[in-house]
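Reader: I am new to this structure and would like to go through it step by step. Could we begin once it is on display?

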Protein chains: 2
Amino acid sequence: MVTLRDLEAALATALETAGRGHRGANPLVGACILDQDGNLIATGYHLGAGHPHAEVDALRRLGTLSSATARTLTMVVTLEPCNHTGRTGPCAKAIADAGIGTVYYAVSDNTAASGGAEYLRSRGITTHRLDDDAAARTLNHRWFLSKKQQRPFITVKLAQSLDARINAPDGTSQWITSEQSRNHAHGLRSRVDGILVGTTTALVDNPRLSARTKDGQLHSKQPYRLVMGHRELPSTLDLIRGDDWEQIKTHDVHEVIQRANELGLAHLLIEGGATVASAFIEADLADELYCYQAPLLIGAGSSSVNLPTTTLSQAHRYRLDTASNESLARLGEDIMLHLEPLPRA
Amino acid sequence: MVTLRDLEAALATALETAGRGHRGANPLVGACILDQDGNLIATGYHLGAGHPHAEVDALRRLGTLSSATARTLTMVVTLEPCNHTGRTGPCAKAIADAGIGTVYYAVSDNTAASGGAEYLRSRGITTHRLDDDAAARTLNHRWFLSKKQQRPFITVKLAQSLDARINAPDGTSQWITSEQSRNHAHGLRSRVDGILVGTTTALVDNPRLSARTKDGQLHSKQPYRLVMGHRELPSTLDLIRGDDWEQIKTHDVHEVIQRANELGLAHLLIEGGATVASAFIEADLADELYCYQAPLLIGAGSSSVNLPTTTLSQAHRYRLDTASNESLARLGEDIMLHLEPLPRA
């Protein structure tokens, strides 16, 4: 028999396992499969958009089993199994096809992928929502907010010195951060749907905005390139190539979001400069921060973030995203912080 | 028989053990004791000024032994045993009195405490300097520099937001960092001989500059309080009490150091504000940095460090002090970085 204590332990494990993935177009999700005595026999997690969902990952790790055995198994998942076909097939159908007998989930899905629980019941599977889903909701609190606000999940990258400068007064900035940090940031680029920079960054740094491996090869998935602002961009810029880029002539972050939605970009990476990053932070549109920090003091030059704050209580507060397995890391001589805004009360 | 490989392994262990202490008035030192077959039988380290030196710590951990046994033992220590009586007795004499047969040390002591090797030899103890002492020298490279420059070892504390602000535009700064960070900084205060602030910090923040435990009690050792600058200090300031404080009417860091030397302050903590901290950093007088960083973006207000840099190559470069066992720590929601300037080539 699977006891309530077994279910609680399985949810805790599923939440921890979820942190092995990356939030973005999709939320973090973890799943556990228990046998008829409540023993954990498989775990699964969702690595990120384009990869198998947690439920399918757990089923795969389980291997093949008879339908009689499958019927005795219980799946515990941090989020209601999806009911839609996106880059992967619907999980609810995969669970039913595998013949799993019972499903518990922690958080209801109220996005376009909802309806999984109803589908499972229609296939004769005992399906319940677990009562206390606070931790499971917190796991993806900003992702749910982004869905509610009908906009992409937004990652802001900061790459700065210990004194939060992004360049010296003469504009030199290559390189403040370590090679390992820059490689890590290319990994970020390879997971998002779009990258945004301001016109000043495009003109001064002339970035390619491609996602490259550490030996300079292109990742298989490349982000759409967006430049925000009114200044004219010469066609010689490295980011101007092919059809997968455009300039959005605005200073309004909401216009950028509207265009990203039209383009179907579910995960947007804000690469700077300071003005663009600050605009998203000020509008409470930064769902997570990756802050790469190099151990040097420049002592002058541009600050990474500028906000119209007057007193300390107006500061924007974050916390290390401890659900993720890389909330604080050393990257060569640098450190990297993965932060999320504090959950709303 | 003790082999060369045994000695190398013992030095590596001694270097690692040394990192359990704190640099300051005294350097980091570690010691190992090997038996006649080269087996490690005791380690010791120096916690910091006022505590037993590494050699004495190792001898204590060894317990009592016959003079016949002692004669078969080998001590390996990262620094030449001291030969002077400071807050503790000379180590060379303690080693000789314990009857240890052989001593190897990695770095010669050329400070006021030198002469230990000669003393040991005069007592009939086989005493050698190990050949490759690069790691042992690097362990305390800034401490040796401070001794060479005949000045205190200088610690600079930075307490800042993620965007390196130390206050908001209206001057509010209490509290940017976490309670755990502030308690940690009080531990720092309890280990130094003197604390320095500028007149602006004294007037605006009105700090007590005492070293307190987390329940508000005074640590047994309290730092001498120094205020640097010309502005007049009203006698109502909290730091103005008793005889263990003074104002140094200068903006010249070298005058502060001269006065600290006259006062016999071997370890000085620079607590700010930005102008004072920046002056010591700019003069390459920061032997270590403790950077407390809170996960918030203020977006305006004073930067923690301001230097007359014009281009990136002039930046002051540091590295996490990995010899120390707390080079990167989480303190509540904050992170703490313990950094040292890169060793000179």
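Reader: Which strand of chain B is β13(A) joined to, and do the two run parallel or antiparallel?

Author: β13(A) is joined by 2 bridges to strand β12 (residues 296–297) of chain B, and the two run antiparallel. Strands here are DSSP runs (E, at least two residues), numbered from the N terminus, and two strands pair if DSSP finds at least two bridges between them. This is a predicted model, in which local features need pLDDT of at least 70 and side-chain atom pairs count only at pLDDT 80 or more, while totals for chains, interfaces and linings use all residues. Residues are numbered from 1 along each chain as its sequence is written.

Reader: What is the bridge partner of A:Arg317 in β12(B)?

Author: The partner of A:Arg317 is B:Leu296.

Reader: How many residues of each chain are in contact?

Author: Contact (heavy atoms within 4.5 Å) involves 45 residues of chain A and 45 of chain B.

Reader: And what area is buried between them?

Author: About 3,500 Å² is buried between chain A and chain B, with 62% of that from carbon and sulfur atoms. Buried area is the accessible area (1.4 Å probe) that two parts lose on being put together, summed over both. A:Leu162, A:Leu297 and A:Leu312 supply 19% of what chain A buries against chain B, more than any other three residues.

Reader: Turning to polar matters, how many residue pairs are in polar contact?

Author: Between chain A and chain B, 23 residue pairs (both at pLDDT 80 or more) are in polar contact. Such a contact is a pair of N or O atoms within 3.5 Å; within protein, one must be able to donate a hydrogen and the other to accept it, and residues adjacent in sequence count only if both atoms are side-chain atoms.

Conventions
Chains lettered and ligands numbered in written order. Heavy atoms only, no water. Helix = DSSP H or I, 4+ residues; strand = E, 2+ residues; numbered from the N terminus.
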